[in-house]
Amino acid sequence: MPTITGPAMNTIARPGEQTPETRFARAGDVSIAYQVMGDGPLGLVIAPGMVSHVEFFHELPGYARFMQRLASFAQVVVFDKRGQGLSDRITGVPSLDERMDDLRAVMDETSLSKAALLGSSEGASMCALFAATWPERVSHLVLYGGFARFANSADYSLMHDAEVLAQMATFWGTGLSIKSFAHSHNKNPDLQRLWAKGERLIASPGTFKAMIETNLRIDIRAVLSQIRVPTLVLHRKTDRAIPVANGRFLAEHIPGARYIEYDSGDHAMFSGADPEPMCGDIEEFLTGHRDLPQAEVERVLATVMFTDIVDSTRRLAEMGDTAWRRTLDEHDRVARRAVEQHRGRFVKSTGDGVLATFDGPARAVRCAAALTAGVRHLGIAVRAGLHTGEIELRDEDVGGLAVHVAARVMAEAAPGEVLVSRILTDLVAGSALSFDPRGPRALKGLDGTWDLYAVKRG
C-alpha cells in the first residue's frame, strides 16, 4: 500500500470528508499544487486536461461525488499542471515533457514509486507518453476523453477545426466554455456564472489561448504502439470537446487496450451522467472487482438559507409560553410565505428559525431580506445566513457541507442582518443586489477563513 510521508502527511481526505488540503510539490523551480483523497491500497494519479483548479473544482456539482467514489478504492492524487490553477504561473506554455515532470514530481512527493494513471483530455496524451517513457512507474493506464493528435491534418481528421478551438479563447472568462466541457449545464445561468469564475481562476485569456496554440502541436501517434502497460480507454459519444472518434483511435492503436464507450455525459468526467458506471469500470480495471455502491443520494446545486430568532430564550422568558407560541406561529407563517413567494423550498422549521433552499441565489437573498423585515412587527429580530453549494436530498430533508456552511455563516450575523458567503456574491453579480464586506471569518468546524458579506438594505 502506498504511504504518504514527509510533507504530504495529514493531507489525506477520506470519502465523505470536507475539501482536502492543498499542498505543493517541487518540479525544478516550479511549485505544483496537488491534493490527496482516500487511503486505498493502490495509488491513482489524475492528470487534468486544459482546465483544472484543485480547490475550485470542489464547488462544481458532481466533482466531489466523482472523486469520493474513486477514493473509495484508491489513494487519489490530483494536481494542477504548471501555468494553471494553483500551480506556479510560468512564461509561455509547458511542453508535454514539462507536464510529465509535473506528474513525476507529484508522484515523488507523495511517495508513489508506481501508480495507476488517469489522464483526461490533453492529460490523456501526457499520461500515454509517460507510460511509454517510464513503464516501470505505471501499473495501469486509463485514458478518458483523450486524443492522439490535437490538430487535424491530411492523415488525421478526427478533431474540431483549429479555428473553432481558437475561438474559445476569445470568450474565455465569460463561462461560455461550459458549452464544450459541461454542455448538460448550458441552460443553467447560475452554473454558467460559477463556471465563468472558474475560467478566470484557472488561467487568463492570453494563457488559455497559448495553451490551445501549444496543444495544436501535440501528436503522440508514434508512441501508441510502444505502450506496454494495461490500458483502458473511455469516451462518451456526447463529448462536445473531443469527438468520440479520437477515443476509438487510441484504443485501436494501443496494444491490448480495452475500450468502453458511454451513451451520455459531458467532456468533464464528473459532469452530465451518473458517475457510477464509469467509476465502477475504472475500479474493476484497477482492482479486478467492482464494489456495489451504497444507496445513491441525489445531489443538486442550491442556495441554502438558515434563519434564527435572536435571543429567543430571553424573549420566551419575557413573553411567556402562550404569547411566545403565537409569535412563533406568526413567524413561521411569514417565513413560509416569503419562501413560497421567492420560489424556494421550505425544508423545515428549526424551532426558532427555518431552513430553506433555492435554485436561484438572487431569489434566496431577496427572500432572506424580506423575511427579516417581515417579522419586525412581532417585536423579534431575525438573522440569516446563505451559502451556495452542492447539497444532498434526503427524503424531506437536506444535508451536505453547503448546509453546514450556511448555518455557520448565519451564526456570524448580527440581529436583523443577512450574511452571505463570497461565492454567492459572485453568482449574483449584475443584479441589483449590493453588499458590504464583513471581512474574513473563521467558521466553527471549517478550515481556513471565509469572506462574508452583509446584504445592503434598499
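1. The largest cavity in this predicted model has a volume of about 310 Å³. A cavity here is a set of points, on a 1 Å grid over the protein atoms alone, where a 1.4 Å probe fits but cannot get out; the volume is the space filled by probe spheres set on the points, which are joined across faces, edges and corners. The structure holds 3 cavities of 30 Å³ or more.

2. The lining of the largest cavity comprises 23 residues, lining meaning an atom within 4 Å of a point. Pro-48, Gly-49, Val-51, Phe-57 and Ser-120 lie nearest the centre. Strand S4 (43-47), helix H1 (63-71) and strand S5 (75-79) each give two or more residues to this lining; helices (H or I, at least four residues) and strands (E, at least two) are DSSP runs numbered from the N terminus.

3. By class, the lining has 16 nonpolar, 6 polar and 1 charged residues. Ala, Val, Leu, Ile, Met, Phe, Trp, Tyr, Cys and Pro count as nonpolar, Asp, Glu, Lys and Arg as charged, and the others, Gly among them, as polar.

4. Helices H11 (residues 312-319) and H12 (residues 321-341) pack with axes 7 Å apart at an angle of about 130 degrees. Axes are lines fitted to C-alpha atoms over the stretch in contact, and angles run from 0 to 180 degrees between N-to-C directions.

5. In the contact (heavy atoms within 4.5 Å), Ser-312, Arg-315, Leu-316 and Met-319 of H11 meet Asp-321, Ala-323, Trp-324 and Thr-327 of H12. These residues divide into 4 nonpolar, 2 polar and 2 charged.

6. Residues are numbered from 1 along each chain as its sequence is written, and side-chain values use heavy atoms, with hydrogens and water left out. Local features need pLDDT of at least 70 and side-chain atom pairs count only at pLDDT 80 or more, while totals for chains, interfaces and linings use all residues.

Methods. On a 1 Å grid over the protein atoms alone, a cavity is a set of points where a 1.4 Å probe fits but cannot get out, and a pocket is an open set with protein on both sides within 12 Å along at least five of seven lines; lining residues have an atom within 4 Å of a point.
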